[in-house]
Amino acid sequence: MFSPVTEDLIRRNAEHNECVIFSLEELSLHQQEIERLEHIDKWCRDLKILYLQNNLIGKIENVSKLKKLEYLNLALNNIEKIENLEGCEGLTKLDLTVNFIGELSSVKTLQHNIHLKELFLMGNPCADFDGYREFVVVNLQQLKWLDGKEIERSERIQALQNYPAVEQKIRDQEKAYCLQRSKEKKEEQKRLEEEDGNGEEQRRSEPGFDRRWHPDAHAATSSSIENKDNLQVRDSQEEESNANKLDKSDDDLAFWNKPSSFTPESRLETLRHVEKQRKTQEKLSEKKKRVKAPRTLVTEDGKVLNVNEAKYMDTSLIEVDVQPTYVRVMVKGKIFQLVLPAEVQPDRSSAKRSQTTGHLVISMPRVEEVITGGRQKSKSVKTTLDCSKDQTNKRTKQIEKLEVDPSKHSCPNVATIVQEKKHTPRKLASQPKIVPNEEDPDFDDNPEVPPLI
């Protein structure tokens, strides 16, 4: 159920460092359901930042060798005591928000961390103690910030003046909290033992627990298999499964509505319940995954059906089968089948797929004959053929013929039916020549001027 700290887990979260863990300076292992800290101080000696929030860590351990560690985040875990941090010499910030720390006196172990400047303890039982802040301020003189609030010099002086009375209050409250925690642990242990006993009795009551063969049960199962009327058995099984689902939903509702105190045990119990529900859901989904009956592609009377099972099309997984009366395309085992309205030629058919749009085009040339497999389809084919014939007949009737008057010509002159016009090109067309007239009064015959050609 819970994930251990493994080398593979660290490498998967060290992609920013090219999966090299010995020189890793920052590591995030939050929300990994880690229950125990181990191996990190041996594999990642150069760590400066370590995120371990929102896990199931119950004890601070195996981090004392991280000399360069500056920031440690252990928020939202099951820690009940501050310990084993003396070796983290460079620690400047420690986040223990929302844990189960009730021994406030354990903060004295942080006096060895002389570089510690920030500490977060909000959300812990000790943060509700009367005199909590004064006790921490006095015992950790190196602190600058506590729970996000700056520690002023006047506050530290006043805490030192009231420390004897505050220290006695803290001791009394710690003692009461420890007694309460020991009582809660005993009750939780007792409850777990009762649940284990009830579960053992339930398993013993199930048939086959004693590893003996029950002939009655075997006979009942064999007879139910051989019986043709097994539909009633299936109905009863479905009703039983539905009843089990209702019982499980009622149990789940009762679990979430049950009042419980906020303790490490209750947090673990909640996670176990969620894990149990998840496994139950996986089992139900596995049961639902039954082998589907094969698709009917062709009926008993020889009628081909339209089928479409394919959703994703990959060219390497496409198989096209062209038959005279239908076409079948298989994609990853899914079938797409279409019945053709006319008979085609499979040997002359081709299939092509566009590389840009992904469209699959199947070209299937028709044959002259028309199939008449189904009544409705044959009628539609005949009607289309009749319409085409009527159109051709109308066209033949509307053909115009050339008539010639026999009184003018004994036989038609074919050459004069279409008269061709003689086109003269624009470039070759010559302009008319203007010849001067001698009778013109403005005409002057100069002998020096050469004649116009």
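My entries below cover aromatic pairs, a helix contact and some strand pairing.

**Entry 1: what I am looking at**

I remind myself that this is a predicted model.

**Entry 2: aromatic pairs**

I first asked how many aromatic pairs there are. The count comes to two.

I took Y51 and Y71 to begin with. Their ring centres are 5.7 Å apart and the planes stand at 90°. Edge-to-face needs planes over 60 degrees apart, so this pair is edge-to-face. Y51 belongs to strand β2 (residues 49–51) and Y71 to strand β3 (residues 71–73), so I noted that the pair links distant parts of the chain, 20 residues apart.

Are these two tyrosines buried or exposed? I put the cut-off for buried at under 20% relative accessible area. Y71 has 15%, so Y71 is buried. Y51 has 22%, so I wrote Y51 down as partly exposed.

Y71 has another neighbour to log. The charged end of K93 sits over the ring of Y71, 4.7 Å from the ring centre.

Next came F135 and Y163. Here the centres are 6.0 Å apart and the planes are at 25°. Stacked means planes under 30 degrees apart, so I filed this pair as stacked. F135 sits in helix α3 (residues 132–139) and Y163 in helix α5 (residues 163–205). The two are 28 residues apart, and this pair too links distant parts of the chain. F135 is buried, with a relative accessibility of 3%, and Y163 is buried with 14%.

**Entry 3: helix α3**

F135 made me look at the rest of its helix. How many of the eight residues of α3 are buried? I get seven, which leaves α3 mostly covered. Those buried residues are Y132, R133, F135, V136, V137, V138 and N139.

I then checked how α3 meets helix α4 (residues 153–161). Their axes come within 9 Å and cross at roughly 100°. Angles of 65 to 115 degrees count as roughly perpendicular, so that is my label for α3 against α4. On the α3 side the contact is made by R133, E134, V137 and V138. On the α4 side I found E155, R156, A159 and L160. R133, V137 and V138 are also on my list of buried α3 residues.

**Entry 4: the four-stranded sheet**

In what order do the four strands of the open sheet run? I read β8-β11-β10-β9, with antiparallel pairing. The edge strands are β8 (307–308) and β9 (318–322), and each of them pairs on one side only.

Five bridges pair β9 with strand β10 (residues 326–331) in the antiparallel sense.

**Entry 5: a hairpin**

Last, I went to strands β12 (residues 350–353) and β13 (residues 360–363). They run antiparallel and are joined by four bridges. Together they form a hairpin, with six residues between the strands. In the turn I noted G358, which has a positive phi of about 80°.

Note on methods: Residues are numbered from 1 along each chain as its sequence is written. This is a predicted model: local features need pLDDT of at least 70, side-chain atom pairs count only at pLDDT 80 or more; totals for chains, interfaces and linings use all residues. Side-chain values use heavy atoms; hydrogens and water are left out. Two strands pair if DSSP finds at least two bridges between them. Rings of Phe, Tyr and Trp (its six-membered ring) pair if their centres lie within 6.5 Å; planes under 30 degrees apart count as stacked, over 60 as edge-to-face and the rest as tilted. Buried means under 20% relative accessible area, exposed over 50%, partly exposed in between (1.4 Å probe, protein chains only). A charge sits over a ring if NZ of Lys or CZ of Arg is within 6 Å of the ring centre and within 35 degrees of the ring normal. Axes are lines fitted to C-alpha atoms, for helices over the stretch in contact, and angles run from 0 to 180 degrees between N-to-C directions. Angles under 35 degrees count as roughly parallel, over 145 as roughly antiparallel, 65 to 115 as roughly perpendicular and the rest as oblique. Contact means heavy atoms within 4.5 Å.
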